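My entries follow, in the order in which I looked things up.

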Amino acid sequence: MNEMDDIEMWDAAAEPYDAAVDDNWRQCHITNPALFQLLDQVEDQDILDAGCGPGWLSVEIARRGARVVGIDAAEQMILRARERAKDAPQNIRFMQADLCSPLPLQDHSFDGVVANMVLMDIPEIDRTLAEFRRVLRPAGRLVLSITHPCFFMWNWKRDAAGNKLWKPVDDYLTVRSEVIEIWGPTRHYHRPLSWYFDVLASVGYVVDMLLEPTPDFERSAETGHVWRIPDIMVIRAVPWPSS
Ligand SMILES: C[S@@+](CC[C@H](N)C(=O)[O-])C[C@H]1O[C@@H](n2cnc3c(N)ncnc32)[C@H](O)[C@@H]1O
């Protein structure tokens, strides 16, 4: 399956993804607090929302006072992002662009690049990360959230009552991809954690923060499992000055 097929799948997923995104409790209560902690102040800054999907994060960052460019390869995502931003501040621009190709953006034009739940969806990330580095200003930062590479691929083992017990992790070190079904079929690229760190280092970043966040609400019987095995990981990387 080639890259174009991946984007077609995201085009087809745009409607169910957009319909579900505002009520996504993982995003709202686990990922977002960590994402905004690592992104920090954005007021009066230029921020690139890479793989922006239906644009909710671009809108949120613009509301915090940043100038935002959102890019996504899926036309249906970009159309939804423009619709969503209609009533938002005027400081957002959306562009259809492929993160696997050179980006139509100037060198050193952003204070921050954020890619929320994107890198595990694209086939080759070294060029993508190099492009992020090219468009970042020297003091800029890259904030990434990804499904947790150590656990995401494996389904929970449950007891007779359906309680989540543990995950049978196996074949973790093998880089591979598979089509998963959440909002219809999309392709997920599994790589071990060290693989991400190797690519980040090879492209000239140093990781200065890594979070395995838990929810911002009280632990309950239904949600207790995310205190035991994290679903997601949020990484901040900064350009390594000497490279
Ligand atoms: C899980 S969604 C995340 C969307 C958004 N960042 C959010 O927070 O809701 C992954 C997004 O990556 C986009 N994407 C996948 N491959 C891409 C590529 N090669 N270039 C640009 N965007 C891509 C998809 O179209 C989709 O919008």
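How many of the 12 residues of S5 are buried? I found nine of the 12 buried, so S5 is largely enclosed by the rest of the structure. I call a residue buried if 20 or more other C-beta atoms lie within 10 Å of its own, exposed if 12 or fewer, and partly exposed in between, with C-beta atoms placed from the backbone. Strands (E, at least two residues) and helices (H or I, at least four) are DSSP runs numbered from the N terminus.

I note that this is a predicted model, in which local features need pLDDT of at least 70 and side-chain atom pairs count only at pLDDT 80 or more, while totals for chains, interfaces and linings use all residues. Residues are numbered from 1 along each chain as its sequence is written.

Next I looked up the partners of S5, taking two strands as paired if DSSP finds at least two bridges between them. S4 and S5 run parallel and are joined by six bridges, and Ala-115 has Leu-144 in S5 as its bridge partner. From S4 the chain crosses through H5 to S5 in a right-handed β-α-β crossover, meaning that, with the strands pointing away from the viewer, the path from the first strand over the helix to the second runs clockwise. With S11 (residues 232-239), S5 (residues 136-147) pairs in the antiparallel sense over six bridges; Ser-145 has Val-234 as its bridge partner there, and Ile-146 stands opposite Met-233.

I then followed the whole sheet, which is open and mixed, with seven strands in the order S3-S2-S1-S4-S5-S11-S10. Strand S3 (92-96) and strand S10 (205-211) are at the edges with a single partner strand each, so one side of each is left without a neighbour in the sheet.

Which strands does helix H5 (residues 126-135) lie across? I listed S1 (46-50), S4, S5, S10 and S11, with H5 running at about 145° to S5; axes are lines fitted to C-alpha atoms, for helices over the stretch in contact, and angles run from 0 to 180 degrees between N-to-C directions. In H5, Thr-128, Leu-129, Glu-131, Phe-132 and Arg-133 are buried, and their cover includes helix H6 (193-203).

My last entry is on Arg-219, which sits in the loop between S10 and helix H7 (225-228). Arg-219 is exposed, with 12 other C-beta atoms within 10 Å. Leaving aside neighbours within four places in sequence, Arg-219 contacts Gly-224 and Trp-227, a contact being two C-beta atoms, placed from the backbone, within 7 Å.
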